[in-house]
Amino acid sequence: MRKPVIVGNWKMNKTVSEASQLLEEIKNLDLDSEVEAGVCTPAIDLLVAKEKLEDTGVNFGAQNMYFEESGAFTGEISPTMLTDIGAKYVILGHSERREYFKEDDELINKKVISALDHGLTPILCCGESLEEREADKQEDKVKSQIEADLKDVSSEDIEKVIIAYEPIWAIGTGKTASSDDADKMCGFIRSIIEDKYGTDLSEKVRIQYGGSVKPNNVVELMGKENIDGALVGGASLKASDFESLVNFNK
Ligand code: PGA
């Protein structure tokens, strides 16, 4: 019922020339059309993504944005800039933005609301640190993030949000959460949505797992009941790996 969604998060990788080459390779892949696929590139690569991915069925998006439409916000990009070039997604609240750029839930919530108001699909990231996991506080942490980040998101809009559960200790470390742990946390996130929006809507929201997803573990992760997709960093930077990830069903 929920369409699987596999999205690459390129992070701060790929100059325009490198992006152009990788996107050319992605353009020529034979990807499963039953799976929604996308890449979130650095802002400077977005126009190249638009050109290269036209008519391929692969979507593109940004890794961040500011919530205002325009104005004196040096260094930022706006939702209207993204919609103008046909971007579909915007990753919001990634743990790297929270940690290195001090983004808090209040700011992330404003960005989520603004993305939805502009017809963008927010990929809202949440997840606990290793310290929190070791103290068995992962549910408390994720619950507080989700509740704060989705504050004032309407019932009409909630099904447009993609949530990515990304335990910080699994990002870029080669350590994946076990598929059972990942499934349990994604199920827990669904129960938070259910409490607020009811069962029908909670069944429609897609929840991704992210953190060292690779071609060799994607099948097991995607086989889990509550995992509807993956947000993939490192392994999305190679076209052949991206192909294996999107084609996990084949
Ligand atoms: P990773 O990154 O796949 O390289 O662990 C995932 C992410 O941060 O979205």
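Let's start with what covers the buried residues of helix α2: the cover includes α1 (16-27), β2 (36-40), β3 (58-62) and α3 (79-84). Contact here means heavy atoms within 4.5 Å. Helices (H or I, at least four residues) and strands (E, at least two) are DSSP runs, numbered from the N terminus.

This is a predicted model: local features need pLDDT of at least 70, side-chain atom pairs count only at pLDDT 80 or more, and totals for chains, interfaces and linings use all residues. Residues are numbered from 1 along each chain as its sequence is written, and side-chain values use heavy atoms, with hydrogens and water left out.

Back to α2, residues 46-53. Its buried residues are L46, V48, A49, K52 and L53. Buried means under 20% relative accessible area (1.4 Å probe, protein chains only). After α2 comes D55, with a positive phi near 65°.

Now the ligand. A polar side-chain atom of K11 sits 2.7 Å from a ligand oxygen. For S212, a backbone N or O atom lies 2.7 Å from an oxygen of the ligand. Polar contacts are pairs of N or O atoms within 3.5 Å. The protein covers 97% of the 290 Å² of accessible area that the ligand has on its own. Those areas are Shrake-Rupley, with a 1.4 Å probe.

How values were computed:
Buried means under 20% relative accessible area, exposed over 50%, partly exposed in between (1.4 Å probe, protein chains only). A polar contact is a pair of N or O atoms within 3.5 Å; within protein, one must be able to donate a hydrogen and the other to accept it, and residues adjacent in sequence count only if both atoms are side-chain atoms.
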